[in-house]
Amino acid sequence: MRTERTRALAAVFSGHGEPFRLKEFPIPSPGAGELLVEITCSTICGSDLHTWHGRREEPTPCVLGHEIVGRILAFGAGAPRIDLKGQPIHEGDRITWTLAASCGECFFCRRGLPQKCEHLFKYGHSAIAPGREFSGGFAECCLLSAGTGVVRVPDPVSDTLAAPANCAVATVAAACRLGGPLEGSSVAVLGAGVLGLTACAMARALGAAEVVACDLDPDREALALDFGASRFATPDELGDMALDLTAGRGADISMESSGAAEAVRGALDVTRTGGTAIIAGTTTPGQSISLDPNQLVRRMLNIRGLHNYAPTDLVSAMDFLGEHGERFPFEQLGGGRFDLERIDNAFRHSSEHPGLRTAILP
Ligand SMILES: [Zn+2]
Ligand SMILES: [Zn+2]
C-alpha cells in the first residue's frame, strides 16, 4: 500500500451464504493510543470458518480475520513505542498483535484474565462502523485499538508462520504456562490438529521428556512425530501407553485440544495424581461428560480451562517461533495463498482443507 493513498480495501462479510464484498474505505488516522498497520498477511482460522458456515453468529457487516501480520504505518498520540518485550518499534516494523485489546483496569484485567476483559475488543469479531472499518484481518490495513499488545516479528519468521501465532501458538503458550515447568515432564496431547501439533512442538522445545500425541486418525502419527511427539497413540491406546511411560503413574500434564468431549474425558483419565489437565479445545456449547467426583478428590487433579491467552503468551509464542520455528515442519500446515480479491475462493479452499492455514495476502 503506498503511503499517499487515502483509501484502502476491506472484504466485508454480511452473513452466512453471502459472498464477501470488497469495499474501499478512507484510511483512518490513528487516534490516542492507536496504531495503523498495513496488513501483509492474514490466515483463516477455524473460528472464521465457523462464522462463514453459519455455525457461529457475529455482528455484521464485519471484517473477519484475527491472525494478522503487518507493517506499522503510523502511531496515534501516546501509542506505545515499545512492544510487549520492551523492544522499540518504529514505522515500517513488521508486527503481529494480540487477538483482542483489553482495558487493563476492569475486574478481570486486574485479576490476570485480560482475555475476559469487561471491555474486550476482538479483531475480526465486531460490526464495522464509519471510521472503524479496519477492524479485522481481511483488508489492506488494520487500526489497532489502545490496549492491544504488539510484538515485533523476528526476521527469520515468515509472515505465513507468524500470522497464526496470535491464535493457536499463543494459546499453546498459555497452556504450557498453566501446565507449569515442562522440563523433564511427561505430557499427553489429545488431538493432533494445528493446536495439538503446536503443543507437541512447544512441549518438546520446553524440555518435556515424553510427549504422547493422541488422535482418532492414525494417519496423524507421522506428522505428530515430526512435530516433536515422542510417541503416538489412538484414544484406545493412550491410557496403557501413558502408564507404561510413567511407571504406572500417568502423565504429569495433559492438554486437550480436539474439541471432543471424549478427549476431555481422556485427558482427565490419563493425568497422574496431582497432575494438571488443561482443557482448551471445546469452544462450542452442547457436550457433556460424566465425572466421578471421588476421582477428582483422591487423585487431587488440577483441571484448568483455557480460552485464548494473556499478552505475555504472545511473547512466548513469538520467541518459540523465532528459536524453534525451523526445527518443526510448520510449513506443512500452510494451506494455499490467495489475494484479497479471491477471498471467497480462499474460504472454500480453507473449508476443504481443515487443519491447514490458508493465507490471504492483500
Ligand atoms: Zn484464530
Ligand atoms: Zn479490562
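This is a predicted model: local features need pLDDT of at least 70, side-chain atom pairs count only at pLDDT 80 or more; totals for chains, interfaces and linings use all residues.
Which residues of helix α7 (residues 261-270) are buried?

1. Residues are numbered from 1 along each chain as its sequence is written, while chains are lettered from A and ligands numbered from 1 in the order in which they are written.

2. To return to the opening question, Ala-263, Val-264, Gly-266, Ala-267, Leu-268 and Val-270 are the buried residues of α7 (20 or more other C-beta atoms within 10 Å of a residue's own, C-beta atoms being placed from the backbone). They pack against β9 (186-190), β10 (210-214), α6 (235-245), β12 (251-256) and β13 (271-279). Helices (H or I, at least four residues) and strands (E, at least two) are DSSP runs, numbered from the N terminus.

3. Have a look at Gly-281, in the loop between β13 and α8 (293-299). Gly-281 counts as buried because it has 22 C-beta neighbours inside 10 Å. Leaving aside neighbours within four places in sequence, its contacts (C-beta atoms, placed from the backbone, within 7 Å) include Gly-191, Glu-256 and Ala-263.

4. An automatic or database assignment divides the chain into domain 1 (7-156 + 326-360) and domain 2 (170-305). Their centres, taken over C-alpha atoms, are 29 Å apart, and 6 residues of domain 1 are in contact with 7 residues of domain 2.

5. Finally, strands β15 (residues 334-338) and β16 (residues 357-360) run parallel, joined by 3 bridges. Within this pairing, Phe-338 has Ile-360 of β16 as its bridge partner.

Definitions and conventions: Two strands pair if DSSP finds at least two bridges between them. Two residues are in contact if their C-beta atoms, placed from the backbone, lie within 7 Å. A residue is buried if 20 or more other C-beta atoms lie within 10 Å of its own, exposed if 12 or fewer, and partly exposed in between; C-beta atoms are placed from the backbone.
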